[in-house]
Amino acid sequence: MTSNENSGGREVVTGTSRVKRGLAEMLRGGVIMDVVDAEQAKIAEDAGAVAVMALERVPADIRRDGGVARMSDPALIQGIQAAVTIPVMAKARIGHFAEAQILESLEVDYIDESEVLTPADEAHHIDKWAFKVPFVCGATNLGEALRRISEGAAMIRSKGEAGTGNVVEAVRHLRSIVGDLRKIQTADSAERYAWAKQLQAPIGLVEEIAATGKLPVPLFCAGGLATPADASLVMQLGAEAVFVGSGIFKSDDPARRARAIVEATAHYRDASIVAKVSTGLGAAMEGKEISSLEVKLAERGW
Amino acid sequence: MAERRHRPGRVGVLGLQGDVSEHQKVLADLGAETVVVRRPGDLAALTALVLPGGESTTMSMLLESSGLDRELEKLVADGLPMLGTCAGMILLSAEALDGRPDQRCFGAIDLKVRRNGFGRQVRSFETELEVKGLDAPMHAVFIRAPVVEETGEGVEVLAEVDVPGRPGERRPVVCAAGPVIVSSFHPELEGDGRLHELLLKKVEGD
């Protein structure tokens, strides 16, 4: 949803795709950290996070405790907004547009329509064009990414498998998306229609990818990142920034690990720097094999 | 593109974080060789430096940990031509309000700025702006942009905006002083290279 007003004779527009995608573009090369309260948010900002993501429990705890995971208490979000100067994002359940309306009224800077929370709608995602606040959505493949963009998402992130400390699913999703982007670039006009059909995505977006070779919105990586090396890996695979959830606050020394992941993301091609910041970090979060999981969060969303 | 008589040389783009590639693209379109600057060694033989948009607190920390902060101080003192947009404007200013107490400002231009001075993301906006010296308006995209609170001696205001939602409040958004140009908004997001062209003219001593 965009709105117009006149200011000194010049039209002023808010809520446009340009400003929504623009904020994602400004976060590139940075780390967005999951936080559950103002104290963690402060640690994240002190470590150099470009933004924080407010949620009621980190994914590892959602996995452990089970039950329905919902949007955070507004008081927690406001506490986080008051504690830091960097952008504050918050999660809404898939399809739960009323939670998103609440988050918009709180003036969060980005809404994550997230599979980490329990879905509220089994068939529909939120109509994200109806909002002035930009949305980020998860995707496991290019078709999902393009469907979310057609619904108005201004940033795409891999889903990965949140709360596992295991990067394998994020790598799978990223390789799938980036690989298909490369293939579409070389497709001829007839093949592009077949791609649109196969991906269940609008032909217009497929044509745009064919012309530019990239998604129309920034592509970030999330789900299972736990180390500076994980950040370097996914950045080299084509992610433009990273989200780190449980990986920071479930480790031995969150402040130091957070800072190390920030450095590794900025200098992701410089192995000597990634080596230096990886040294003596203490234990990473305990990881899980994907085959041992009872719930696969990445399967949520359609 | 208008005919260019200047030789753009080798222009650095600070590449620690933010919208680095948009600046590179605009500079390449102007015929400049660009270098992404992440470590002190990347600064050799630059004719100008661009500080991109992004998160100024993150960039400030990464400038310190990489040792680029000391080099940047020297380049400011040497009068290297520089352009900063949004976060880049904050880093080049003399003082930033509503920032972190440890946030670095390099004082290349005598401005006091306020971070996110237009408000949170829901208030990010686009508009058309007249810029002194340019023949047509710029399409200006403001993303959680800084507001200029004070301009010091020798600062020339090249463009102003009426702050949306605050009737009667008009603020500078493009400023220049000596070899330095800064803007609150992001011409690079629209592929508009006219401020970059002004920067390249400063390389020529024009």
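Mentor: What follows describes the sheet of chain B and then the sheet of chain A. The model is predicted. In chain B, seven strands make up an open sheet with mixed pairing. Reading across, the order is β2-β1-β3-β4-β12-β11-β10. The edges are held by β2 (33-37) and β10 (156-162) of chain B; each has a single partner strand, so one side of each lacks a neighbour in the sheet. From one strand to the next, the twist averages 20 degrees. Within this sheet, β1 (residues 10-14) and β3 (residues 48-51) of chain B run parallel and are joined by three bridges. B:Gly12 has B:Leu49 of β3(B) opposite. Helix α1 (residues 20-29) of chain B packs on the sheet, where α1 touches β1, β2, β3 and β4 (82-85) of chain B. The direction of α1 makes about 165 degrees with that of β1(B).

Chain A has an open sheet of eight strands, with parallel pairing. Its order is β9-β8-β7-β6-β5-β4-β3-β10. A:Met33 is opposite A:Val244 in β10(A). Helix α12 (residues 254-266) of chain A lies across β3 and β10 of chain A, at about 155 degrees to β3(A). Another helix, α5 (residues 97-105) of chain A, lies across β5 (88-93), β6 (110-114) and β7 (135-139) of chain A, and runs at about 165 degrees to β5(A).

Technical notes
Residues numbered from 1 in each chain as written. Chains lettered and ligands numbered in written order. Predicted model: local features only at pLDDT ≥ 70, side-chain atom pairs only at ≥ 80, totals over all residues. Heavy atoms only, no water. Pairing = 2+ DSSP bridges. Helix = DSSP H or I, 4+ residues; strand = E, 2+ residues; numbered from the N terminus. Axes fitted to C-alpha atoms, helices over the stretch in contact; angles between N-to-C directions. Contact = heavy atoms within 4.5 Å.
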